[in-house]
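Here is my note on the model you asked me to look over. Have the 3D view open while you read, and take the points one at a time.

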Amino acid sequence: MKGIKKSLTEEYLYLDFSHQKEGCIFPLHTSVTLFLLSYCDCTVFRVFLVLPGESTVISALKNVPSEGVEIQIISRQELPPIVQSCCLPAIVERPDNFCRAGLAVVLRHIIQKSYEADPSKKEILELLGFKKTCLKACAEVSQWTRLCEFTIPLAVENFLKESFDQPPTIPAAILELEKKLSEPVRVHNDDKLRRQKLKQQKAAGVGPSLAKGKTKSKGHRQETSEEGDSSSASLELKVAFSKLTIHKEPASANREPSHIRKAKASDLPPLDHVFAEGLYFTLADIVLLPCIHHFLLLESSSIQKSKQMGELTMNSHSKVIICRKLSGKLVEFPLLAAWYQRIQEVPRVQTAASQCGIQFLSLPELQTTSSQQPPNLDEAPCAEEQNDPSFIGGPRPTMTKLMEKGIEVMFSPHPCPTWTLDWDTLPAAVSPKEGKMSSDRALRKQQQLNNLVYMVTNQAKPGDRIVDFCSGGGHVGIVLAHMLPSCQVILIENKELSLIRAKKRSDELGLSNIWFIQANMEYFTGMFNIGVALHACGVATDMVIEHCLKTRASFVTCPCCYGFIQNTSKLNFPKSEQFKKTLSYKEHMILCRFADQTAVQLPPQRRLIGKQCMFLVDLDRARAAEEHGFSVQVISMEPESCSPKNNMIVGVPI
């Protein structure tokens with residue numbers, strides 16, 4: 001059929017299986033993946049449930065979508081070697097050298113393959129959201145991806161493990177999701193939609209006066225929300241569900257009244273959430289649905305058990321009815337409860353739920369919306385950042401403060417500044433000139449590779465595993481795989497297209513000692529001997545170093561994008577004890593911001609300060625690694641003109 005792209009390779013989907021409870025397969029990542037397969041009616045993968053031990057015998061498997069899908073049971077020892085280095089879920093193409101690992105990456109690939117198999121199912125592709133970015137940002141940098149991919153599933157699994165003699169406490173992650181649903185929706189055409197909502201509110205006689213729009217308060221918004229529910233809220237619902245139906249209503253051609261057109265943006269009412277990411281049903285809703293369902297199922301049964309209020313009952317539509325006294329807990333997350341009810345109306349959801357053994361709960365209707373706001377669960381800035389009387393702005397006072405403690409800018413000497421690969425004798429596919437870049441940029445890239453390849457080849461031994469983190473198009477990894485045929489080289493990259501380009505170059509070279517893994521770093525769990533990263537942005541460099549420290553692997557990193565460095569859920573700055581005793585977080589961030597000012601267009605003195613700040617930030621990283629038993633050097637690449645970000649941090653376990 002014209003337009004259908006047929007896959008030339010067979011793809012295997014591997015899912016963890018720990019146990020089954022209440023019709024749900026655990027871990028929840030597996031239930032979420034199976035639910036998406038059912039929703040997409042996807043049969044293009046061979047599906048394997050992976051048991052933790054050597055046994056492949058389990059009791060009768062229930063509520064697994066089996067129509068058109070072959071599901072096999074295997075032990076972890078039977079996994080392909082590349083998958084054994086990753087967390088599940090994972091998808092492998094044959095031959096076993098290209099793997100996609102991690103929930104978000106795997107789910108996005110399932111959607112893409114389902115659409116390629118049947119391009120008429122455009123609603124499947126729309127699960128990826130605006131510009132196909134839903135859950136695309138890696139969990140290390142996106143709070144939303146982390147909440148959906150890690151925090152919520154883990155919180156629900158931990159909640160299900162608990163035994164309750166008293167009504168349970170709502171997990172903090174659930175309240176954080178409730179808070180997200182309370183935030184105003186921002187979409188690319190929200191101005192037009194907000195004017196339509198204002199028009200509806202005016203027609204219904206509710207909503208704030210335009211003349212007093214600037215004095216609107218949160219309390220006033222709460223007062224008018226119930227009055228305008230039947231009118232204004234219907235706009236969001238109409239827009240959301242019109243995208244889910246085959247026959248869409250034609251857009252109204254009536255021009256808006258002048259007082260609506262002239263209304264200031266600050267006077268327009270905010271849009272309310274219909275689904276998890278805003279107005280439209282996306283992959284995020286697919287991920288959250290099985291998690292929230294099983295949370296509500298246990299929440300209801302545990303409360304009833306603790307109060308000895310009887311068992312769940314069934315209504316005529318085979319939905320489980322939660323006892324009305326559960327509403328005492330539901331008021332803590334009314335928006336999430338409304339979302340759970342609303343998502344059941346989405347086409348295909350009921351069918352997929354039925355195939356996966358999900359019997360939707362019928363929640364009691366909440367009479368009023370709780371005025372109690374969920375707690376602010378965002379990371380609070382540290383006290384010294386809010387009020388640090390000793391802080392003096394700018395990089396020079398901070399650098400002086402470090403000098404007074406004996407911390408100065410002093411690079412380690414480059415061991416071989418003139419060493420270079422013989423690029424003219426290497427196959428064309430090895431050179432970065434084969435990529436889509438100018439000749440000047442390709443030359444600078446070659447110079448950067450000279451530095452990293454020298455450092456790695458001087459440490460590598462036959463049989464070593466070398467991991468190219470944040471590999472991009474594979475410039476570093478492909479050169480290393482070609483130069484070190486007795487070593488196994490693994491490319492890890494979150495961007496699919498970059499990794500596909502790298503694999504194409506590898507295939508041209510006929511390399512057999514190279515793996516490609518599309519995943520976030522957290523999903524790679526394999527052992528390795530050397531980690532390398534060229535221009536890993538912001539905290540990605542710190543994550544690479546942390547990975548190497550845990551594995552006791554040598555590392556060669558070239559940092560980039562210092563201005564993006566900030567505290568995360570797993571990383572705090574400064575990192576080393578020496579810098580922590582000297583600098584506050586705010587002072588360290590000053591160094592990071594000025595470290596980005598090394599562009600060739602800037603005045604020489606400003607570039608010099610930027611280079612010094614770069615060194616100090618990297619010295620903090622080096623000292624932190626030294627505290628873990630590593631010998632670390634901060635070296636400047638040669639020639640320095642190869643990149644404005646020309647530092648290397650080279651570490652070897654002692």
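1. A word on burial before anything else: a residue is called buried when its relative accessible area is under 20%, exposed when over 50%, and partly exposed in between (1.4 Å probe, protein chains only). By that rule Glu-546 is partly exposed, because its relative accessible area is 25%. Keep in mind that this is a predicted model, where local features need pLDDT of at least 70, side-chain atom pairs count only at pLDDT 80 or more, and totals for chains, interfaces and linings use all residues. Residues are numbered from 1 along each chain as its sequence is written, and side-chain values use heavy atoms, with hydrogens and water left out.

2. Now the salt bridges. The term stands for a side-chain nitrogen of Lys or Arg within 4 Å of a carboxyl oxygen of Asp or Glu. How many are there by this rule? The count is 21 salt bridges.

3. Back to Glu-546, whose side chain meets that of Lys-575 in a salt bridge (3.4 Å, N to O). Glu-546 belongs to helix α20 (residues 540-551) and Lys-575 to the loop between β15 and α21, so the pair ties together parts that are 29 residues apart in sequence. As for names like these, helices (H or I, at least four residues) and strands (E, at least two) are DSSP runs, numbered from the N terminus. Is Lys-575 buried or exposed? Lys-575 counts as buried, because its relative accessibility is 11%.

4. Another pair to find is Lys-645 with Asp-596, a salt bridge at 3.7 Å, N to O. This pair links distant parts of the chain, 49 residues apart: Lys-645 sits in the loop between β16 (630-636) and β17 (647-653), and Asp-596 in the loop between α22 (585-595) and α23 (604-626). Lys-645 is buried, with a relative accessible area of 10%, whereas Asp-596 counts as partly exposed at 29%. Some salt bridges also share partners, and these join Asp-542, Glu-546, Lys-575, Asp-618 and Arg-621 into one network.

5. Next, look at Glu-522 and Lys-570, a salt bridge whose closest N and O atoms are 2.7 Å apart. Here, too, distant parts of the chain are linked: Glu-522 is in the loop between β13 (514-518) and β14 (530-537), Lys-570 is in the loop between β15 (554-560) and α21 (577-580), and the two are 48 residues apart. Lys-570 counts as exposed, at 59% relative accessibility.

6. On to the sheet. Two strands pair if DSSP finds at least two bridges between them. An open sheet of twelve strands runs in the order β5-β4-β1-β6-β7-β13-β12-β11-β14-β15-β17-β16, with mixed pairing. At the edges are β5 (71-75) and β16, each with a single partner strand, so one side of each is left without a neighbour in the sheet.

7. Strand β1 (residues 11-16) pairs with β6 in the antiparallel sense over four bridges, and Leu-13 stands opposite Ile-91. Strand β7 (residues 98-101) also runs antiparallel to β6, again with four bridges, and Arg-100 in β7 stands opposite Ile-91. Between β6 and β7 there is a hairpin of four residues.

8. For a parallel case, see β12 (residues 488-493) and β13, which pair over five bridges. Glu-493 stands opposite Gln-518 in β13.

9. How far apart are the end C-alpha atoms of α1 (residues 28-40)? They are 18 Å apart, which agrees with the 18 Å that its 13 residues should span, since the expected span is 1.5 Å times one less than the number of residues. In α1, 13 of the 13 residues are buried, so the helix is largely enclosed by the rest of the structure. Twelve of the 15 residues in α3 are buried, including Leu-103, His-109 and Glu-116.
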